[in-house]
Amino acid sequence: MDIPRDPIILVSYVNTKLRDHFATLEEFCQTCEVDEEELRATLSAIDYQYDEITNQFV
């Protein structure tokens, strides 16, 4: 699955997918064949961290 490359668009895309379709980041990454560590690093570079409680990058 192609995901956006631009980090700002990516955070919105991932958060929408997490909100609407996936209970966890791990489930999203497995289903969409996304490297979780790479995703976390990309979003961390723009000051977003995954919050397990809200299941969103904040």
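Author: The model is a predicted one, in which local features need pLDDT of at least 70 and side-chain atom pairs count only at pLDDT 80 or more, while totals for chains, interfaces and linings use all residues. Residues are numbered from 1 along each chain as its sequence is written, and side-chain values use heavy atoms, with hydrogens and water left out.

Gln 56 belongs to strand β2, where helices (H or I, at least four residues) and strands (E, at least two) are DSSP runs numbered from the N terminus. With a relative accessible area of 18%, Gln 56 is buried; buried stands for under 20% relative accessible area, exposed for over 50% and partly exposed for what lies in between, using a 1.4 Å probe and protein chains only. Setting aside neighbours within four places in sequence, Gln 56 is in contact (heavy atoms within 4.5 Å) with Asn 15, Leu 18, Arg 19, Gln 49, Tyr 50 and Asp 51.

Asn 55 has a phi near 55 degrees, which is a positive value in a residue other than glycine, and its relative accessibility of 9% makes it count as buried. Its side chain reaches the backbone oxygen of Phe 22 at 2.9 Å, and a polar atom of that side chain also lies 3.4 Å from the backbone oxygen of Leu 18. Beyond residues up to four places away in sequence, Asn 55 touches Leu 18, Phe 22, Ala 23, Thr 24, Leu 25 and Tyr 50.

Asp 47, by comparison, sits in the loop between α3 and β1 (50-51). Asp 47 likewise has a positive phi, of about 70 degrees, although it is not a glycine, but at 66% relative accessibility Asp 47 counts as exposed.

The aromatic residues around here can be taken next. The structure holds two aromatic pairs, meaning rings of Phe, Tyr and Trp (its six-membered ring) with centres within 6.5 Å, called stacked when the planes are under 30 degrees apart, edge-to-face when over 60 and tilted otherwise. In one of them, the ring centres of Phe 22 and Phe 28 are 5.5 Å apart with planes at 75 degrees, so this pair is edge-to-face. The rings of Tyr 50 and Phe 57 have centres 5.4 Å apart and planes at 55 degrees, so this pair is tilted. Phe 22 and Phe 28 are both buried, as are Tyr 50 and Phe 57.

Phe 57 leads on to the largest nonpolar core, where a core is a set of buried Ala, Val, Leu, Ile, Met, Phe, Trp, Tyr and Cys residues joined through side-chain atoms within 4.5 Å. This core has 14 residues, and those touching the most other members are Val 14, Leu 18, Leu 25, Phe 28, Leu 39 and Phe 57. Helices α1 (7-20), α2 and α3 each supply at least two of its residues. Apart from neighbours within four places in sequence, Phe 57 has a list of contacts that includes Val 11, Val 14, Leu 18, Leu 25, Leu 39 and Leu 43.

Leu 39, which lies in helix α3, counts as buried at 3% relative accessibility. Beyond four places in sequence, Leu 39 is in contact with Leu 10, Val 14, Leu 25, Phe 28, Cys 29, Val 34 and Phe 57. Its C-alpha atom is 8.7 Å from that of Cys 29, ten residues away along the chain.

Where the two helices meet, Leu 25, Glu 26, Phe 28 and Cys 29 in α2 are in contact with Glu 36, Leu 39 and Arg 40 in α3. Elsewhere in helix α2 is Glu 27, which counts as partly exposed at 32% relative accessibility.

Methods:
Polar contact = N/O pair within 3.5 Å; in protein donor to acceptor, adjacent residues only side chain to side chain.
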